[in-house]
Number of protein chains: 2
Amino acid sequence: MSQEFGFTLNATDGAARSGRIDTRRGAIATPAFMPVGTAATVKAMLPDWVRATGADIILGNTYHLMLRPGAERVASLGGLHTFMNWPGPILTDSGGFQVMSLSKLRKLTEEGVSFQSHIDGSKHMLTPERAMEIQCLLGSDIQMVLDECTPYPCTASEAESSMELSLRWAKRSRDAFQVPENDGRAVFGIVQGSVFPELRQRSAAALIDLDFSGYAVGGLAVGEGQEVMLETLDYTVPLLPSDRPRYLMGVGTPADILQAVARGIDMFDCVMPTRSGRHGQAFTWQGKLNLRNAVHAEDNGPLDEASTCPAARDYSRAYLHHLFKAGEYLGPMLLSWANVHFYQELMAAARTAISEGCFEDFTRETLARLKK
Amino acid sequence: MSQEFGFTLNATDGAARSGRIDTRRGAIATPAFMPVGTAATVKAMLPDWVRATGADIILGNTYHLMLRPGAERVASLGGLHTFMNWPGPILTDSGGFQVMSLSKLRKLTEEGVSFQSHIDGSKHMLTPERAMEIQCLLGSDIQMVLDECTPYPCTASEAESSMELSLRWAKRSRDAFQVPENDGRAVFGIVQGSVFPELRQRSAAALIDLDFSGYAVGGLAVGEGQEVMLETLDYTVPLLPSDRPRYLMGVGTPADILQAVARGIDMFDCVMPTRSGRHGQAFTWQGKLNLRNAVHAEDNGPLDEASTCPAARDYSRAYLHHLFKAGEYLGPMLLSWANVHFYQELMAAARTAISEGCFEDFTRETLARLKK
């Protein structure tokens, strides 16, 4: 585990880029989609399946893990990788977003956020320093600074105060992130500023001064809609250094992802493939399907003729329909697997298209195909 | 699929026997444990995992499948094996037991049982002829006659009437079981008679006259307790022909199974390994564990050092504890897998012990080990 963190561009096609992130636990082909392993498990999937879909890296949620089983406990058990039997790279968020969306009685101050656990009401305090410490205890390969995800919509003045708080926290996070030489861990900054170009510009510039290993675009996918999100990326991504990975947090649909890749984003995470899978929604190369729909009850075809995933190939739609009607575990298991596999196939195809210089055509054709 | 059904004894040790059942879909090493795939899925397991545990055959429930997705629908989709992606042998029950335990407004007559579905209240009639037809539509390799599982306790007179009804139904089931030459399907009779030796004797004799491919002992594991169950086997099993497989329905714990094998039983089925697994109960070679128990929260050891199952070997008890506390799918998935694997390891060890002529010692040592 002495590999230094690094990012290498292999090809660009317009603003879209394909490349490789090197981490101490292996390489990540970009553009990359990170399946979400909230509570130390990518829900309803074996780690082996996640790997077999082509995922190079998964995401862990600091908020959930600090509450249960607890960061110190995970550390004493050998770290998150050992704990959940996932030897590859893990990126952890800072916990900030979910503290604000899930916890009770939260109070935000300059120092950090105090809150009560949504699980047992226990009291906690998350500061930039503690967020870094927790991610370190988990054994994260890519840590995120603590920030405030500015709510949408908000006034320019609210966005400015929030962005400036995030900047001060970014500085404290950066200072707290002290790792031995060649440890290989990385920390990413997060650009805020809502939908205000001047604020995004100031946020990016200040973060770049702090010299992060990568930069995330935060405060999007929070209700602003796809058009505003893409517009924000249009003026935010060019502010970021081209030699560092760029991460769009919490995104998204296949269409969101392809259009963000077109704007120069390298990394994504989203619960959509697994959450949809648990609810009977499938992503396929023929578009989205609801397996609960009676139209599938006698359809003996596989979920997705075009997929190489065992879950999409070896079971009929009629069977999947039955599993969801009967409330069987196997339904969510198979559909989460098939959906994560679809997302990874999409990213692999995007990487190929970028290398071949035909990403725009690929995106147009893929979006048309998925909308059928 | 032209293989004829057959049974070959390899070794005996006292009353215990090891052998092989040949079916049109492959061989079954006996004594055999059949995982239960109630609604066309062994709950929370991939078919590949079930096979990898060493299971040669699974059980399907006629009652559940006739109601959802329906026998005719399964047939039109290619049969149960294709539907659930399990190419190996399947034994189906007749539906009688679960009609009596699960359905609503049931009415038992000479003709059969009329009832309402517990799922949607729809009205159905299960007769011996329909039970055979449904199992045939499902594509079952070993069908069971429709019987009445006599409730326990009951008077000798109640047991006699019930047993005689079951005999008349067995005759009708046998008559309805018309398969082409060399089709390879088998049908088993079911001995009833509760805890009355004379009734068991009459039931067995009459069934043997009907010449079934195998014989089940029914009406046990219904609340009579292990001692009475074993006592009943003591006088019932010797009534059965030694050249046909003997099946103890719905049993049971590892201790039940070993002691029934000692009395000459060849086949078992039970929901225990999967149901326990879903509730955090593990069967291991060190005895039963409740993974929800806080004692496991910081135990970094695997579930079972002595197991070759990935689920028992590649994850810590602390992690399994966490999964159950967090209500994650992966907990039931891993524990169902580990438990079915344990049951199959138990059966394999029993077969070896019988072949080596040390089954009594094996049973004594195993039961002592599991009780620790």
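These notes go from the interface to the backbone and then to the rings.

**Ground rules**

I worked from a predicted model, where local features need pLDDT of at least 70 and side-chain atom pairs count only at pLDDT 80 or more, while totals for chains, interfaces and linings use all residues. Residues are numbered from 1 along each chain as its sequence is written, chains are lettered from A and ligands numbered from 1 in the order in which they are written, and side-chain values use heavy atoms, with hydrogens and water left out.

**Interface of chain A and chain B**

I looked up the contact first (heavy atoms within 4.5 Å). Chain A gives 37 residues and chain B gives 37 residues. I then took the buried area, meaning the accessible area (1.4 Å probe) that two parts lose on being put together, summed over both. For chain A and chain B that area is about 3,300 Å². Carbon and sulfur atoms give 60% of it.

How many salt bridges cross the interface of chain A and chain B? The rule asks for a side-chain nitrogen of Lys or Arg within 4 Å of a carboxyl oxygen of Asp or Glu. It finds four. I noted the one that joins A:Lys43 to B:Glu328, at 2.6 Å from N to O.

Next came polar contacts: pairs of N or O atoms within 3.5 Å; within protein, one must be able to donate a hydrogen and the other to accept it, and residues adjacent in sequence count only if both atoms are side-chain atoms. Between chain A and chain B I have 16 residue pairs, both residues at pLDDT 80 or more.

Elements here are DSSP runs numbered from the N terminus: helices (H or I) have at least four residues and strands (E) at least two. On the side of chain A that touches chain B, the elements giving two or more residues are helices H1 (47-52), H3 (71-76), H4 (80-84), H13 (317-325) and H14 (330-355). That side has 23 nonpolar, six polar and eight charged residues. Ala, Val, Leu, Ile, Met, Phe, Trp, Tyr, Cys and Pro count as nonpolar, Asp, Glu, Lys and Arg as charged, and the others, Gly among them, as polar.

**Backbone**

I found a cis peptide bond from A:Arg68 to A:Pro69, with omega near 10 degrees. A:Pro69 sits in the loop between helix H2 (62-67) and H3 of chain A. Another cis bond joins A:Tyr152 and A:Pro153, with omega about 0 degrees.

A:Ala44 is not a glycine, yet its phi is positive, about 65 degrees. Its loop runs between strand E4 (32-35) and H1 of chain A. Is A:Ala44 buried or exposed? I used under 20% relative accessible area for buried, over 50% for exposed and partly exposed in between (1.4 Å probe, protein chains only). A:Ala44 is at 0%, so it is buried. A:Ala221 also has a positive phi, about 55 degrees. At 40%, A:Ala221 is partly exposed.

**Rings**

Rings of Phe, Tyr and Trp (its six-membered ring) pair if their centres lie within 6.5 Å; planes under 30 degrees apart are stacked, over 60 edge-to-face and the rest tilted. I get 26 aromatic pairs over all chains. A:Tyr329 and B:Tyr329 pair edge-to-face, 5.7 Å centre to centre with 80 degrees between the planes. This pair crosses between chains, and each tyrosine lies in the loop between H13 and H14 of its chain.
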